[in-house]
Amino acid sequence: MSNATKELELDCKVVEGCGAIERIIQPRDKELGGFSVRRVLPTVGRKQVGPWVFFDHMGPAELPAGSGISVRPHPHVNLATVTYLFEGEMLHRDSLGSEQVIRPGDLNLMVAGRGIVHSERQRPEVTAHPQRIHGLQLWLALPEAMEECEPAFLHYPSEALPRTTVEGVALRVMMGAAYGLRSPVRTDAETLYVEADLQPGQRLRLPDAEERAVYVASGRLQARDNTLPAHAMAVFEAQAGIEVEAIEASRIAIVGGERLGPRFMEWNFVSSRRERIEQAKADWKAGRFPKVPGDEAEFIPLPE
């Protein structure tokens, strides 16, 4: 997704944690084109968790026939984006010539590097009928040495992402290594992303990482003395042996990895250098970014 404004931080309720929890972030819903989006990262006091610098949860939303998601071409630099759907379908196109439908369980990774433009639309055969859309849009900072790498797009179908069961908990390792599995998804820094579904009373020990957090996409968890409601993110201290327990059926995302240096973030740009963002803004205004084949007629202007 593209941001409607230059500023990325949204107003979240932040609760100081106790025990192994550093803080609990509870984002507020923001209406965006007929459905709600919750922006968990960045927020005041917590800009990133490991390499993850942006975390949006969109939907679930019921869209009537004749409507749908239509995000015009927009640019990114010095980051990687991850798109993952629980429900629905989206069509990705980019300036490399990629055209890829993403469906539930698949993972799209787009490495912007020195610069890329993409759009997120839906096929007419999808928008012709009522539909339900629900998913995550995440951004990763790139290590400084990789920020200006060649842009790339990689699609990983659902069956390519390894699955296992731990103490009865069904999970998938989306990125990085955990629970004895390693995902095939490209990573440029030490990265953790695990999806798990817990039934009431089930417990799951969190994998170790320099930084990590748990987002409750649905359900309710218990972590030490803290209750984590749906749509809350708990950022954990770097302690070993931490467990979460499901109070009710819960779908969670565990994210984290190595701590990267601070990043500047404005609109759709992320970089370790402020001047790089200013250059990207100037390039977009001047039309110096490449076009998206098959989607050349429209674009999102730089917010002023």
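Trp 284 is buried, with a relative accessible area of 9%; here buried means under 20% relative accessible area, exposed over 50% and partly exposed in between, using a 1.4 Å probe and protein chains only. Keep in mind that this is a predicted model, where local features need pLDDT of at least 70, side-chain atom pairs count only at pLDDT 80 or more, and totals for chains, interfaces and linings use all residues. Residues are numbered from 1 along each chain as its sequence is written, and side-chain values use heavy atoms, with hydrogens and water left out.

Let us stay with Trp 284 and look at its neighbour Phe 299. The centres of these two rings are 6.0 Å apart and their planes stand at 85 degrees, so the pair is edge-to-face. The rule behind that word is that rings of Phe, Tyr and Trp (its six-membered ring) pair if their centres lie within 6.5 Å, with planes under 30 degrees apart counted as stacked, over 60 as edge-to-face and the rest as tilted. This pair links distant parts of the chain, with Trp 284 in helix H2 and Phe 299 in the segment after H2, 15 residues apart. Phe 299 is partly exposed, at a relative accessible area of 46%.

How many aromatic pairs does this rule give? The count comes to nine aromatic pairs. One of them joins Trp 267 and Trp 284, whose ring centres are 6.4 Å apart with planes at 50 degrees, so this pair is tilted. Trp 267 sits in the loop between strand E24 (264-266) and strand E25 (269-271), while Trp 284 belongs to helix H2 (residues 274-285), so the pair ties together parts that are 17 residues apart in sequence. Helices (H or I, at least four residues) and strands (E, at least two) are DSSP runs, numbered from the N terminus. Trp 267 is buried, with a relative accessible area of 1%. Ring pairs link Trp 267, Phe 269, Trp 284, Phe 289 and Phe 299 into a cluster.

Now follow helix H2 itself. At 1.5 Å a residue, its 12 residues should span 16 Å, and its end C-alpha atoms are 17 Å apart, which agrees; the expected span is 1.5 Å times one less than the number of residues. Which residues of H2 are buried? They are Arg 276, Ile 277, Ala 280, Lys 281, Asp 283 and Trp 284. Seen down the helix axis, the buried residues of H2 fall within an arc of 165 degrees, so they line one face of the helix; the arc is that of the directions from the helix axis to the C-beta atoms. On the other side of H2, Glu 275 and Lys 285 are exposed.

Next, let us turn to the spaces inside. A search of the whole structure finds three cavities of 30 Å³ or more. On a 1 Å grid over the protein atoms alone, a cavity is a set of points where a 1.4 Å probe fits but cannot get out, and lining residues have an atom within 4 Å of a point. Grid points are joined across faces, edges and corners, and a volume is the space filled by probe spheres set on the points. The second largest cavity holds about 120 Å³ of space. Its lining has 17 residues, and Thr 81, Thr 83, His 118, Glu 120 and Gln 137 lie nearest its centre. Among the elements that give two or more residues to this lining are strand E7 (79-87) and strand E12 (131-141).

Methods: 1 Å grid on protein atoms, 1.4 Å probe; cavity = no way out; pocket = protein on both sides within 12 Å on 5 of 7 lines; lining within 4 Å.
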